[in-house]
Amino acid sequence: MKCSVCGREAVIKLRHAGLRLCPEHLVARVEKEVAGAIRRFRMLAPQERVLVAVSGGKDSLALWHILVELGYRAEGLYIDLGIAGYSARSREASQVFARERGFTLHVVSLEKELGATLDGLTRLARGKTCSLCGTVKRYLMNKFAWEGGYQALATGHNLDDEAATLLGNVLRWDEGYLARQYPALPGEGKLVKKIKPLVFLSEREMAAYCLIKGIRYLYEDCPHAQGARSIALKGVLNELEDRYPATKISFLRGFLKVRDRFRPPEPVVLQDCPGCGMPTAADGPCRFCRLKGRVSHGAAA
Amino acid sequence: MVILKRKEQVYTVEAGKTLEQALRELGILPETVLAIKDGRIVPLSHRPADGEELELVDVISGG
């Protein structure tokens with residue numbers, strides 16, 4: 001199998017892109033796709049500071065590496081959720097990665113900010129672990145980015161993540177979520193701009209990129225992800241992709257062309273939370289402050 | 001026989017097939033894993049020799 005670009009020995013075939021690539025040209029393609037997404041969706045200007053949310057996994061570490069390679073001022077944020085065993089290993093992977101490259105990594109502890117780890121919160125609060133995790137992570141990432149004066153918050157969501165999220169939103173015809181699913185969401189007030197530069201790159205390409213570039217990431221998945229709906233959605237899409245290559249990329253690119261047709265059911269009005277001052281759509285304290293209240297109440301009980 | 005290691009699982013398949021054929025025989029979608037040997041990616045078109053050992057890395061992350 002020969003590389004479609006240079007004719008040397010290829011190591012990977014990307015059926016969805018109609019390419020066979022050698023290690024050098026796989027790396028070039030990944031970095032070019034990231035630069036292209038940043039340009040197309042006006043994600044970052046050269047002088048802007050970007051905070052990369054890192055988990056120790058392949059996508060976020062590769063994203064951080066690529067942003068620095070492309071010349072952006074990127075720092076990392078790791079949120080220690082306090083998931084027994086797993087958090088220590090994912091923090092270690094993130095710290096080793098940053099240390100080896102001389103990158104700046106900030107670590108925020110959920111236990112310190114909220115008064116409970118994710119495991120503790122799940123016991124105290126009613127709600128699914130993944131939903132609670134999403135709530136606290138989104139809050140802490142935005143708060144840290146806002147307070148640190150970063151112009152953008154970057155996450156490692158890739159093509160497979162975005163296609164699975166899209167499928168989940170379509171299956172529920174959730175217009176509000178469909179209207180908000182986009183590779184770059186502009187900032188508003190204290191809400192920092194959110195960007196997903198890996199949006200058109202598959203998980204397979206990202207894993208290959210890490211192996212070629214010597215990025216040592218945590219292979220392990222979050223223990224709470226077992227049985228998660230997102231995994232089932234990815235499974236369905238992978239079956240379809242196997243039969244009909246380019247299903248995922250066509251699904252996502254097609255959606256981006258018609259996304260403007262979706263509108264949230266009601267315009268969201270943001271106001272400052274009376275507790276922490278961060279923006280919230282709720283009348284009264286934001287969800288994080290309400291969870292914090294429940295934790296302190298539960299701890300006192 | 002060819003040995004394929006995926007986390008704690010060890011699979012054995014007959015030599016002579018391509019890696020893609022071997023994975024399909026095991027019920028693994030070929031594009032959901034990367035095969036590694038000596039730290040390098042092995043293409044799906046590779047035909048592992050008898051006694052060859054490859055590591056399979058899952059590329060689909062959860063959550």
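On a 1 Å grid laid over the protein atoms alone, a cavity is a set of points where a 1.4 Å probe fits but cannot get out, and its lining residues have an atom within 4 Å of a point. Grid points are joined across faces, edges and corners, and a volume is the space filled by probe spheres set on those points. The model is predicted, and totals for linings use all residues. Residues are numbered from 1 along each chain as its sequence is written, with chains lettered from A in the order in which they are written.

By this rule, there are two cavities of 30 Å³ or more. With three residues, α10(A) gives the most to the lining of the largest cavity (helices are DSSP runs of H or I with at least four residues, strands are runs of E with at least two, and both are numbered from the N terminus).

The second largest cavity comes to about 30 Å³. R204(A) is part of its lining, along with chain B residues including L19(B), P30(B) and V42(B). Here α1 (19-25), β3 (33-37) and β4 (40-42) of chain B each give two or more residues, and β3(B) gives the most, with three. This lining splits into nine nonpolar residues, one charged and no polar.

Definitions and conventions: Predicted model: local features only at pLDDT ≥ 70, side-chain atom pairs only at ≥ 80, totals over all residues. Heavy atoms only, no water. 1 Å grid on protein atoms, 1.4 Å probe; cavity = no way out; pocket = protein on both sides within 12 Å on 5 of 7 lines; lining within 4 Å. Nonpolar A, V, L, I, M, F, W, Y, C, P; charged D, E, K, R; others polar.
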